[in-house]
Structures are given as structure tokens and as C-alpha cells.
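Please look at the sequence and the structure below, and keep both at hand while reading.

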Amino acid sequence: MRLLQRSDTGDFVLTQIDDSSIPPPYAILSHTWGADDEEVTFDDLTNNTGKEKPGYEKLRFCAEQAARDDLYYFWIDTCCINKGIKAELSYAINSMFRWYRDATRCYVYLQDVPRRSLDADEERSPPLWISDFRNSKWFTRGWTLQELLAPASVEFFSWEGKRLGDKSSLRQQIHEITVISELALQGARLSQFSVNDRLSWIEYRETKREEDRAYSLLGIFDVHIPPIYGEGMESAFRRLREEIAKQEKCMQDLHLTDPRNDKKRIEDTKGGLLADSYHWILENGDFRQWRDDENSRLLWIKGDPGKGKTMLLCGIIDELNKSISKTEILSYFFCQATDSRINNATSVLRGLLYLLVNQQPSLVSHIRKKHDHAGKALFEDANAWVALSEIFTNILQDPSLNSTYLIVDALDECVTELPKLLDFVTQKSCVSSRVKWIVSSRNWPVIERDLDSTVQKVRLCLELNEDSVFRAVKAYIRFKVDWLAKRNRYDEDTRDTVTRYLSLNAKGTFLWVALVCQELTNVSGWKAQKKLTAFPPGLNALYRRMMDQIHNSEEADLCERILAVVSTVYQPVTLDELVTFVDMPNGVSGNDEALSEIIGLCGSFLTLRERIVSFVHQSAKDFLSQEASSDLYPCGIEDVHHSIFLKSLQAMSTLRRDMYNLGEWGYPAELVEPPDPDPLAALRYSCIC
């Protein structure tokens, strides 16, 4: 990249900037070209000629406006690219969007819009120049599309150099002229708009060379193709669409889970995110050191089970989303030991990469280098970790990577290849000053040993922030008791008694409060005070009481068989799949209401959301597997695995060719509409796991 700078003599000189380094702040010009012999070229600048050309006025304007904005460098496409070198031209065409995006300010010079700077014009609404603005040739040119969308700051100037407004103040008019979504004009990520939407933005624009209609969209889609002038517009668009299709296929294959959906599911399962339960951390000294100190690149949040680490990170994610700029990246991942899709080191990297590339699509090139040859196997075969860690490292070292925040929750729930993940985090948290990490875990010595080797880390221990956590739990108790009081019509005395008991016995543990309140959900107000004393303080004591209740209930055998299966399977199962593995009473299979009631009989160990059965918390599964194993697996957990295996074989014996009666081979999977009832609903776990 070359930037222009005005010398002491008033001439313009070119400065070469290495693309591997961060360029100095610069302005960039957007304009419509005149005749070729009117514009100042690269050769003109190097030979100190061209001052008599009409286009020289654009250089003066850009230099003077940049100086007024305290910018010493600027860029203009007519003269900063040596178009005589094909390789340089090709590189410039593929880099143009990034150069406009990275500019501090973009000046749009409208040669066909006079300011008409009459005193009366200042008070007119709309001003006289608006009509000329709407009809400006600038809005009809192909290359100006990316010049409008890429920069954060776009200012419009008349041919006299008078400022007319910017992309924000003129947004409504620009939207009406271009029919481009106002969200896109406000800086929304272009990847959130469909391919057809983005292609429609060029529909009524023209370019001098027909192939440029396709090439001017490269940055809009964040893809790269070498320009081949002479190939024709049809061929150029065909290659563009092929590249877009390859990129979409790469993202589809990379996708294992969308961490944004995982976050929403976790919050919904836990009853929503309460701001008062996490706001304390924003003023915490350790958190602020990590946030504000450039040399503090890793924050490790640690605490015992049920202390609210996951919801704390959910809150941090929300707050970072509010405070970071539109160009900064926030990627995160929630490990869950009970779900085999998201409980291993490879899945963590896949999830983080998915959000990274979703927000900065140009980074997909690092994945495409391997994916174009290996396909989906790149993410799934025995060498997936090796390939993904190399890709991730290359992205972290990419000079074009925007400032990035990476968050991984529950390292202790990464049950496969945790040492590899810990080693990766400790090494890569020091790679780039533009990348900051947050990780959370229980107080495990093995995690502490690895993370202690990181020099640039900050440790935030929840047990050492007891007062802050106590106040957060107290706010959570108020929230839960208010809900219970409305639901079960508590009087003031009952409300105060429940609040006091929870406050005295919570011991800074959100999960204990949540479980007790869950048990009180269907207890009438007049019974609540008496019921309270049955809930012992401490998670394990509460789990033991829940297990004793199940053991003494009429449905003990059924509940214990359900808990045995749910604690043994490799990922959460649906109600249909559960029925495959657990013999249910007559009339229950297929009856969602009855099945939900039975799940409710399993204490508060399980939660049911969108027909998926899972543990309320990893500590619940840990308790059952360790403290209640004799109740659930009297013949050993191997016996439960064997039972699931046999029942799977029995269920799969019903499989036949063309289960959905599609009637033709090669039918696209994404177009398949499952019949109701779905004959495969109860077989998915058996077929996959």
C-alpha cells in the first residue's frame, strides 16, 4: 500500500507502507473518474508532472481536508496504484475494501453537486443541493458501493469542497437513493445480509469495464479472485459466485454449534440473566486491570461449583458487546461436559473460529487453504486438533486481525484433551497484543498448574471476592423470591422468612438458591415456611436430600433408571430418545405432558427445554456419578451402557431405505421436511452415538 503525503515544498510524495504492519492513520478519497487523461496517475507523481490536469484539484482538496482533520497521510486510487504492474493491480483490487475500511476518514468528492452557498440555502429544508445530491453520478458507479459501505466515517463534499453531511446525517436520503438497508449503512456486518441482497446493491450501478461489476463486489463478500480483464461480465460473476459458494461450504463444515445459541439456551435454562448478579465484576480491580492494561492478556475466573461463573461470563459478554467498537471481535465458547459435541478441545477451537470468521469473514482464507483440499474431514478426523490449532495460530498472527476478545467458559468441563487446550491457551495468550482472553473453571490444581505458567495473566478468585459474590447472590435471592411470591401468593411474613432462610444458607452459591426455589415452585404459600427447613445448606447435602426423596417415592425405580441413562449418554437426549432407552409405563410414550411430569419427579437434577433432557448443572451429574452410583448403577455403569446398546440395536432394526418416502435419490438434505410423526425422532442418538 502507498500513501500520499504533502512535502514541505507543497508537492505530493508517495510513501510505501508494508501491508504486514499497521498503517498510520490516513484519509481516503472516493470520487468518480473523469477521462483517463484528466486524472493524476502514479507515473505523474513519480515524474512530478500532471499538475495541470483537472484531477490535481482532488489531490489538493484531499490533502487540505486531511490536514484540517490532523491526518498527515491520504490515499487516492488514481495515483497510489501502479496499474502498469498486473500483480499490483490484482492485489489492489482484492485489498480495496480493506483499505477503505481501515481509513480514519473517507471523503466523498461530488463533482456534480454544487454547494449553492446562498444564505437562504442554509435555512431551507431540504437544502437546494439535495436534489443534485440525489442525482449525483457517484451513486450510479460500481466501485463507489464498497467505498460507501466499508469506512466507518464517510463525509460528503460539494465540488467547491464544502461539507454537505456524512453517512449518518444523510442516512435516510442515501437509503432512498441506493435501496441499501439502513442497518448496512449504520455499519452492520455485511455477512448478516443474504447473498442475493448484496448482489442486488450493484444491480443499477455501472462500471467502465464490464468485469468490474463483479470485481467491485469482492470486498462486499470478503472473497478473493484474480481479475482477468477480457473474460467478460458473465465469466467474472460465475467465478465470484463459485468463490462465495466455496466460502459458504467452508463455514457450513466448520459449524458444529453456534455459541450464540448456546449462550441463549444456557440463560433460558437458568431463568434468564440478572444484571444485578454480575455488575459487580465491572468495577472489580482484577477485571479492570485485564480490561485496561495492554500487558494483561489473560483473565482466569475461578471458583467452586454453583458460584455463578457461567452466568458471570454471560454478563461479561453482554457488557463487552455494548462497549466494543463495530470492528472489534468478540468470540466465545461454553464447554459442557454432558454434551459430547461441546466437551472437547477440538470443539472449543471450532466454536471460537466460527464466531471469529463470522465477524471478520476475510479470516476464512486461513481455513480455506486446508479446507479446499480436505473438505469436512479437516474438522473431524484424527488430525483435526493439529490442523485447527495451526489455523488458529495463523489467524492470531494475521496483521489484519481486528482487536479481539476470546472467552472460554468451564475449562473443567472439557473432558477430552484438556491438557492440549490449556497448553494452547497459555501459549497463544501471549502471541498478540490485540487479543485478550478470559477463561473460567473450578478450582482444579491441574488447571492452576498450567495457567500459572502464563506471565501476562490476571487471576480472579470468586472465594476471595466473597463480599461481592454475597451481594450478587442476595440480589438473585430477591429476584427469585419476588417470582415465588407472585406465583404462590406469599404474604409478607412468608416472603421475609423465605428470603432470610435463603440468605443465611446460600453461602454464596447461586445454584443452591436456584435448586431450592425450583423445589418451592409448586409449594403453596402456607406450606413454604415448613418446607424450608427440609433444605440443608450446601450443594452435596441438598443433592443427597433430593436423592433420598426419589428413593422413597412411588416412582423410585423409574426415576433412578432415567437418571442412570441421562448420566451415561454422551450428549443430552430428547424425550423421544429417552423413551427408546427407558421402559415407560403404559400410555406415557408419545405423551409429552406425562413425560414432562416424570422428568419433574427426578428431583431438580434434570431440566427440560424444547423436549431436550439435560442436567441442571455439571455438579448434579458429578454427584450422581460419584456419590449415588450404587443407587443408579447397582451392577456398574457398564451395565447401563450395555442396556443402551441393546435397546439401540432393537430400535434401529426398524430402519429401512427411504424412511421419509422421498421417492428419489440425492434429495438435498436441507430441503427435507420431516413427516409428523417423525419415524427417525427416537433413533437419532442410537444412529449417531
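**Strands and charges**

From strand E9, the residues Ile 329, Ser 331 and Phe 333 point one way, while Leu 330, Tyr 332 and Phe 334 point the other way, and all are buried. Buried means under 20% relative accessible area, exposed means over 50%, and partly exposed lies in between (1.4 Å probe, protein chains only). E9 covers residues 329-334 and is mostly covered, as six of its six residues are buried. Helices (H or I, at least four residues) and strands (E, at least two) are DSSP runs, numbered from the N terminus.

This is a predicted model, in which local features need pLDDT of at least 70 and side-chain atom pairs count only at pLDDT 80 or more, while totals for chains, interfaces and linings use all residues. Residues are numbered from 1 along each chain as its sequence is written, and side-chain values use heavy atoms, with hydrogens and water left out.

Strands of a sheet pair through backbone hydrogen bonds, either parallel or antiparallel. Two strands count as paired if DSSP finds at least two bridges between them. E9 runs parallel to strand E10 (residues 404-409), and six bridges join them. Opposite Phe 334 stands Asp 409 in E10.

An open sheet elsewhere has three strands in the order E13-E15-E14, with antiparallel pairing. Its edge strands, E13 (573-574) and E14 (606-609), each pair on one side only. Four bridges connect E14 with strand E15 (residues 612-615) in the antiparallel sense. Leu 606 has Phe 615 in E15 as its bridge partner.

Next come the charged side chains. How many salt bridges does the structure hold? There are 46 salt bridges, each being a side-chain nitrogen of Lys or Arg within 4 Å of a carboxyl oxygen of Asp or Glu. One of them joins Glu 242 to Arg 238, with the closest N and O atoms 3.6 Å apart. These two residues are separated by about one helical turn because they are four residues apart in helix H13 (residues 233-254). Glu 242 is partly exposed at 41% relative accessible area, and Arg 238 is partly exposed at 44%.

Lys 647 and Asp 583 also meet in a salt bridge (3.2 Å, N to O). This pair links distant parts of the chain, 64 residues apart: Lys 647 is in helix H32 (residues 637-652), and Asp 583 is in the loop between helix H28 (575-581) and H29. Lys 647 counts as buried at 19% relative accessibility, whereas Asp 583 is exposed, at 52%. Salt bridges with shared partners join Asp 69, Arg 105, Glu 155, Arg 163 and Asp 166 into one network.
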